[in-house]
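Open the model in your viewer and keep the selection panel at hand. Each stop below gives a selection and then what is there.

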Amino acid sequence: MLDLQKQLGRFPGTFVGTTEPASPPLSSTSPTTAAATMPVGPSVAGLAPPGEAALCLEEVTPPASGTRKARVLYDYEAADSSELALLADELITVYSLPGMDPDWLIGERGNKKGKVPVTYLELLS
């Protein structure tokens with residue numbers, strides 16, 4: 001697990017051009033020290049970590065600035081109700097929320113909104 005955390009620490013913090021710096025690489029310290037410096041994010045299934053409230057998309061409002069249009073590159077089937085299903089070549093509005101996994105954005109299409117994977121999108125200016 002520690003090796004995987006070290007490998008993941010080498011990737012940049014985001015691929016969508018936010019101004020937040022990438023997390024620093026892990027040093028070769030004891031496992032307890034390295035675990036204390038590794039940020040804890042949502043699990044692969046998109047569930048909130050214990051003790052943290054789950055993202056309630058109905059209460060999420062887009063930021064005053066920072067929304068962008070994106071073209072969907074591939075069809076995407078939503079894994080659960082927090083995600084938005086996508087069809088290739090459609091245009092959606094996307095934005096990021098503070099503390100959100102950088103591999104995901106909030107996407108809006110009409111009155112529907114949900115998490116969408118960044119890798120399925122072409123961000124437009």
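Select strand 1, residues 68-72, together with strand 5: three bridges join the two, and they run antiparallel. Strands and helices here are DSSP runs numbered from the N terminus (E, at least two residues, for strands; H or I, at least four, for helices). Two strands pair if DSSP finds at least two bridges between them. Now pick Ala 70; opposite it, in strand 5, stands Leu 123.

Before moving on, note that this is a predicted model, where local features need pLDDT of at least 70, side-chain atom pairs count only at pLDDT 80 or more, and totals for chains, interfaces and linings use all residues. Residues are numbered from 1 along each chain as its sequence is written, and side-chain values use heavy atoms, with hydrogens and water left out.

Five of them form an open sheet in the order 4-3-2-1-5, with antiparallel pairing. Strand 4 (112-117) and strand 5 (121-123) are the edge strands, each pairing on one side only. On average, neighbouring strands are turned by 40° against each other, direction ignored. Those angles are taken between N-to-C directions and run from 0 to 180 degrees, with axes as lines fitted to C-alpha atoms (for helices, over the stretch in contact).

Zoom out to the chain. Its elements run α-α-β-β-β-β-β from the N terminus on.

**The salt bridges at Arg 71**

Select Arg 71, in strand 1, and Asp 89, in the loop between strand 1 and strand 2. Asp 89 forms a salt bridge with Arg 71, the closest N and O atoms being 2.9 Å apart. The pair links distant parts of the chain, 18 residues apart: Asp 89 sits in the loop between strand 1 and strand 2, Arg 71 in strand 1. A salt bridge is a side-chain nitrogen of Lys or Arg within 4 Å of a carboxyl oxygen of Asp or Glu.

Colour by accessibility. Asp 89 counts as exposed because its relative accessibility is 56%. Arg 71 is partly exposed at 27%. Glu 122 is partly exposed, at 33%. Shared partners join Arg 71, Asp 89 and Glu 122 into one network of salt bridges. The classes are buried (under 20% relative accessible area), exposed (over 50%) and partly exposed in between, with a 1.4 Å probe and protein chains only.

**The hairpin**

Move to strand 3, residues 104-109, and strand 4: six bridges join them, antiparallel. Trp 104 stands opposite Pro 117 in strand 4. Two residues lie between the strands of this hairpin, where Gly 110 takes a positive phi near 65°.

Pick Lys 113, in strand 4. Lys 113 forms a salt bridge with Glu 108, with 3.7 Å between the closest N and O atoms. Lys 113 is partly exposed because its relative accessible area is 24%.

**Last stop: Thr 93**

Select Thr 93, in strand 2, residues 91-95. Is Thr 93 buried or exposed? Thr 93 counts as buried, because its relative accessibility is 18%. Its side chain makes a polar contact with the side chain of Lys 69, at 3.1 Å. A polar contact is a pair of N or O atoms within 3.5 Å; within protein, one must be able to donate a hydrogen and the other to accept it, and residues adjacent in sequence count only if both atoms are side-chain atoms.
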